[in-house]
Amino acid sequence: MQRLGRFIWLIIIMFLVTVAISFATSNEVLITLYLWPFDGMLTAPIWLVVMSSFIIGGLLSICLM
């Protein structure tokens, strides 16, 4: 039963990675992020913003656990 659970998680993770890679390669639009308390702004591709948000969220959740 434990092997089946690990296999299902492996399939889910592979699917999510595939979706993330296809999203990253298909969206090359530049967006501008205004850094609210500061006067600066940051221009970056949308895929970079989304992927970095996931990574930062994952790291913060690991730290909080």
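This is a predicted model: local features need pLDDT of at least 70, side-chain atom pairs count only at pLDDT 80 or more; totals for chains, interfaces and linings use all residues.

Visitor: How do you know how confident the predictor is in the protein chain?

Guide: pLDDT is a per-residue confidence from 0 to 100. The protein chain averages 88, and 100% of the residues score at least 70. Helix α1 (residues 2-26) has the lowest confidence, with a mean of 88, while β1 has the highest, at 91.

Visitor: What makes up the pattern along the sequence?

Guide: There are 2 helices and 2 strands in the protein chain, and reading along the sequence gives α-β-β-α.

Visitor: Why is the protein chain called more spread out than a compact globule?

Guide: For 65 residues the globule rule gives 11 Å, but the radius of gyration is 16 Å, well over that, so the chain is more spread out than a compact globule. Its C-alpha atoms fill a box of roughly 55 × 30 × 10 Å along the principal axes.

Visitor: What share of the residues counts as buried?

Guide: Buried means under 20% relative accessible area, and 5% of the 65 residues count as buried. As for the accessible surface, that is about 6100 Å², with 77% of it belonging to carbon and sulfur atoms.

Visitor: How do you know that β1 and β2 pair?

Guide: Pairing takes at least two bridges between two strands. Strand β1 (residues 30-34) and strand β2 (residues 41-45) are joined by 5 bridges, so they pair, and they run antiparallel. One of the bridges links Ile31 to Ala44 in β2. Together β1 and β2 form a hairpin, with 6 residues between them.

Conventions:
Residues are numbered from 1 along each chain as its sequence is written. Side-chain values use heavy atoms; hydrogens and water are left out. Helices (H or I, at least four residues) and strands (E, at least two) are DSSP runs, numbered from the N terminus. The radius of gyration is taken over C-alpha atoms; the globule rule is 2.2 Å times the number of residues to the power 0.38. Buried means under 20% relative accessible area, exposed over 50%, partly exposed in between (1.4 Å probe, protein chains only). Accessible areas come from the Shrake-Rupley method with a 1.4 Å probe; for residues, only the protein chains shown count as cover.
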